[in-house]
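This report describes selected features of the backbone, together with their surroundings. Please consult the sequence and the structure shown below.

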Amino acid sequence: MPQSAATISGIQRMVLYETRARYFLVGTNQAQTRHRVLKIDRTEPKDLVIIDDKHVYNQQEVRELLGRLDLGNRTKIGQKGSSGLSRAFSAFGIVGFVRFLEGYYIVLITKRRKMADIGGHSIYKIEDTSMIYIPNDSVRVTHPDEARYVRIFQNVDLSSNFYFSYSYDLSHSLQYNLTLLQRPYELCSSPTSFAEEEVQKQSKHDSFDIFEDEGLPTQVVYGVQSEPYYKYVWNGKLLERVKDIVHHDWLMYIIHGFCGQSKLLIYGRPVHITLIARRSSKFAGTRFLKRGANCEGDVANEVETEQIVNDASVMSLTAGSYSSYVQVRGSVPLYWSQDISTMMPKPPIRLDQADPYAHVAALHFDQMLQRFGSPIIILNLVKKREKRKHEKILSEELYPAVINLNQFLPPENCIDYIAWDMARYTKSKLCNVLDRLSMIAENVVKRTGFFSNRSNFYCHTIRPDDRWGDLGGYITASGRVQTGVLRTNCVDCLDRTNTAQFMVGKCALAYQLYALGMIDKPKLQFDTDCVRLFEELYEDHGDTLSLQYGGSQLVHRVKTYRKIAPWTQHSKDIMQTLSRYYSNAFSDADRQDAINLFLQVYQPSESKPHLWELPTDFYLHQRNTMALPLDRRSYTMWWSAGILPYLPVAYDEVSCEDTRKKVKVRRVNRFEESIDIYTEFFKPYELTSFDDTFCIAMTNSAREFMPKTVGVDPSPFTVRKPEETGKSVLGNKSSKEETLLQRKTAASAPPPPSEEAISSTSEDDSEEDRDDDASVSQRSTPIKLLMESGESTRTQEEIQQQSVKEPYGLNLAEFPAEKDLLIYERFAHLGESQHRVERTEHINLANIICLEPVSCFPEDSIYSLSPPQVDRDSREEFESSVLTGRGQVRALCREDMLMYREYVKNRYM
């Protein structure tokens, strides 16, 4: 058992009961052994009155409490009906409390769906919510505009890409969460931990312990709970009103963005690839209405994307092998905007405010230095050469700002700036976009490194790779840490940015798999099952983020830049562009109002104009326009105090006085439910079915991508032809006919070129010029429709023969020809004559079969498997089991008494 473990929320299910005067919210843990009660007053028309007694109830006490409440709220003794305590809702968490012009509402999560699993910590997606008005109808003071505010608030669809977890902090990266668990907490204790310890001691004295006089030692584990990173929390303002009133188990923070997980099978060994995108709640909004940055350094469309790779055969954050890589996208950190009142598809870019000292860029990069460390690498993909200045305006402002900030930083911590006109390279027939991106990705990953909680394998020493030795990052005793981050941007941070991030993620994935001992070289090729699975994950990620910010799915994908997209893709691109234009022109204003109301950027009041009466929301997001700043930051020392000495390591991950204040540490027993992730994940007290588990429905490389033909190499790192894959490369999921059409197209087309010889001739983002339509055609292969040349006249027998031929490679129903049988008989006769051995002398098998180990590894790896070493404890356990089977029971030791003590306490007390 580790010395420290993440704290699991003690409230995962709740039931809302109502009376005329109050709401009673009864919350319980997963095992339904501990309960808490929240009392909400319904007699206050405009104020929120919540009482939390901080007491932990058992199941019997809760039943007695609800029975007394039901009996006490009936009008007559013995009366049965709805006048007592009635059950209103069942829920899985509280999103928050919100008030407009009347009383408060409570927003509850009523449906959830499991989306991912990281070391036994489940990540859920919100499927449905309920918004309940708290005050009773008898005290309600109605307002004519209340219903309109409710409709605007509900325009934020909480069932669309909002995620939460009861035991894993989604607002922080895996590197931060695991770094917290590796800190030594024996020497430092916060004041809050002592207070909670006293509460635990008091509760222990109140209960009877039959093992009190045994004197058995208690194994202590430190339960760790960190404060969330509020920049990526979307319900922080909705919980702010009750944060200091209720127990922290009631608080559940949600993120907005994307979460997807797929399983990569390497010869049966499961490896989980997880992609988590966190959208910033600061300066959040829609495409043309939120551009650039605000006065606090928060940029529009800022998303932190993290890819996590772990060996799924071991389910533990501390004992398993985990690796992660983080990259960021976000708008150009300047004061700029686009005027959409002209109804142009490509509004002109204008700079709203001069910033000669790069003040807003300094605030933005200060946040990044504090969270990610150094180096910060900017990949700017906007156009450099245009007939009329448009995107070039941003590059001309951003580059001098970076130069100005770098002159005050130490040379080893300077901000790197990479400007590359991706649209120009895309339209060129002589240049390969993905080759150039692959070179940039290699340099970026070498500089920043990645996170891994395992030290190098022995195979990395005996078979070294040149690229592995040049890898950057910070090497620790338990592995390596990513220092710095790549920040990618174009104008919209959608299409071009997603392709660039995919190429960087593909390069990082190769290093992550190499670090976990899964491949022998940190290099992955296109058209392998592994890269296809990763590409599909990234396309879902890009589509989701594009819908949230731009109103449509991606216009250009990785297949478009590889020039292997199907012939129907061009028409789909046009439809996505039209959908994006329609959304930006007609529905973005309503979505922006809903986001402002949900994030409480605008709080309704009778003394202020209504939200729909405001001509602009500029003043809501720019705080310095409403009040003069009390302190002005230095233009030269533009970073926060204390950051520079710890670079290149991120300040947030350093154990110092400021960061320790954000972590709550609690001493608990090793069998405490609040840190027992095994019981939390496997639920041994429930009857579960394999068909209901999440891992069965997860995308699987062997099931979805590996060819079904016998004799094909099952390795997910083997380059495959388009007709060999289990799922078509052309990626159409509409119907069986279209899938068959794509198979015919792929079979008739030449094999795809290698990664080094691809020439991509696509277009840039969604707003590019449509002049060179001839260069957009992806393939010149003629395609025959299904109904041509008697295709539809196939008999049922031919269809059956074809279905037999698909898995076996030949038609088993046909009898071999006579000529083939003669050849086979002749071959068999020759084989019998050749291998006839005289049995006169003794055959020594040692001379024929000589098995010599090619290598001797001290630990298991992909090259060799050492025989298991059975330790002394395992031998004793086995011998005791044998003796027990013979009827000889050994005497109980102290460990057995401790285990039995915890079992009796958890089961009966």
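Phe283 counts as buried at 9% relative accessibility, where buried means under 20% relative accessible area, exposed over 50% and partly exposed in between, with a 1.4 Å probe and protein chains only. The model is predicted, so that local features need pLDDT of at least 70 and side-chain atom pairs count only at pLDDT 80 or more, while totals for chains, interfaces and linings use all residues. Residues are numbered from 1 along each chain as its sequence is written, and side-chain values use heavy atoms, with hydrogens and water left out.

Phe283 sits in the loop between strand E13 (269-279) and strand E14 (303-311); helices (H or I, at least four residues) and strands (E, at least two) are DSSP runs numbered from the N terminus. Lys54 belongs to the loop between strand E5 (50-52) and helix H1 (59-72). With a relative accessible area of 42%, Lys54 is partly exposed.

Most residues other than glycine have a negative phi, and most peptide bonds are trans. The phi value of Phe283 is positive, near 55°, and that of Lys54 is also positive, near 60°.
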